[in-house]
Amino acid sequence: MTAKGAKMSEQEAQAFLAEIDFNNNGRNSLKNRDTMANLAREIDELQKAFYNFDNDQTGTIDADELYWLMTAKGAKMSEQEAQAFLAEIDFNNNGKINYAQVADFLINAANQQ
């Protein structure tokens with residue numbers, strides 16, 4: 001499989017198809033494309049939500065920003081709970097989370113269900 005200069009081995013192509021073949025029929029159907037389009041919209045919405053949390057526009061969210069936003073939205077969360085929640089997602093332990101960390105966390109959580 002070659003597209004726009006990208007070369008993919010047969011094995012890589014099969015692995016890619018398996019990832020997007022939601023109905024397990026070995027083909028990239030219209031339903032698969034619709035599912036992927038919906039997924040792309042959900043990712044876009046998640047990314048917008050993340051940047052709405054990022055009050056100082058640094059590309060990261062710290063515990064203070066998380067606490068402020070969650071309590072502003074009516075969630076009952078202590079500062080310690082905000083720090084603990086952030087620590088679950090903060091894979092590199094720098095006290096901040098970025099969009100990729102949030103996405104990884106959500107993907108891992110979805111895969112465990």
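Predicted model: local features only at pLDDT ≥ 70, side-chain atom pairs only at ≥ 80, totals over all residues.

Me: How many helices and strands does the chain have, and what pattern do they follow along the sequence?

Reply: Begin with the elements and their order. There are five helices and four strands, and along the sequence they run β-β-α-α-β-α-α-β-α.

Me: What share of the residues counts as buried?

Reply: Of the 113 residues in the chain, 20% are buried. The accessible surface is about 8,400 Å², and carbon and sulfur atoms hold 52% of that.

Me: Which residues make up the largest nonpolar core?

Reply: The general idea comes before the case. In soluble globular proteins, nonpolar side chains tend to be buried together. Here the largest nonpolar core has twelve residues: Phe50, Ile61, Ala63, Leu66, Met77, Ala82, Leu86, Ile89, Ile97, Tyr99, Val102 and Ala103. Two or more of these residues come from each of helix H3 (63–72), helix H4 (79–89) and H5.

Me: What span does helix H5 reach from its first C-alpha to its last?

Reply: A helix can be checked by setting its span against the one expected at 1.5 Å a residue. At its start, a side-chain oxygen of asparagine 98 comes within 3.1 Å of the backbone nitrogen of alanine 100.

Me: Which residues of H5 are buried?

Reply: Tyr99, Gln101, Val102 and Ala103 are buried. Among them, Tyr99, Val102 and Ala103 also belong to the largest nonpolar core.

Me: Why does glutamine 101 count as buried?

Reply: The label rests on relative accessible area, with buried meaning under 20%. Glutamine 101 counts as buried because its relative accessibility is 7%. Its side chain makes a polar contact of 3.1 Å with the side chain of asparagine 92. Leaving out residues up to four places away in sequence, glutamine 101 touches Ile89, Asp90, Phe91, Asn92 and Lys96.

Me: Is threonine 60 buried or exposed?

Reply: Apply the cut-off again. Threonine 60, in strand S3 (residues 60–62), has a relative accessible area of 19% and is therefore buried. A polar contact of 3.0 Å links its side chain to that of threonine 58. Beyond its neighbours within four places in sequence, threonine 60 is in contact with Phe50, Asp54, Glu65, Lys96, Ile97 and Asn98.

Terms used:
Residues numbered from 1 in each chain as written. Heavy atoms only, no water. Expected span 1.5 Å × (residues − 1). Buried < 20%, exposed > 50% of the residue type's maximum accessible area, 1.4 Å probe, protein only. Polar contact = N/O pair within 3.5 Å; in protein donor to acceptor, adjacent residues only side chain to side chain. Core = buried A, V, L, I, M, F, W, Y, C linked by side-chain atoms within 4.5 Å. Areas by Shrake-Rupley, 256 points an atom, 1.4 Å probe, with all protein chains shown as cover. Contact = heavy atoms within 4.5 Å.
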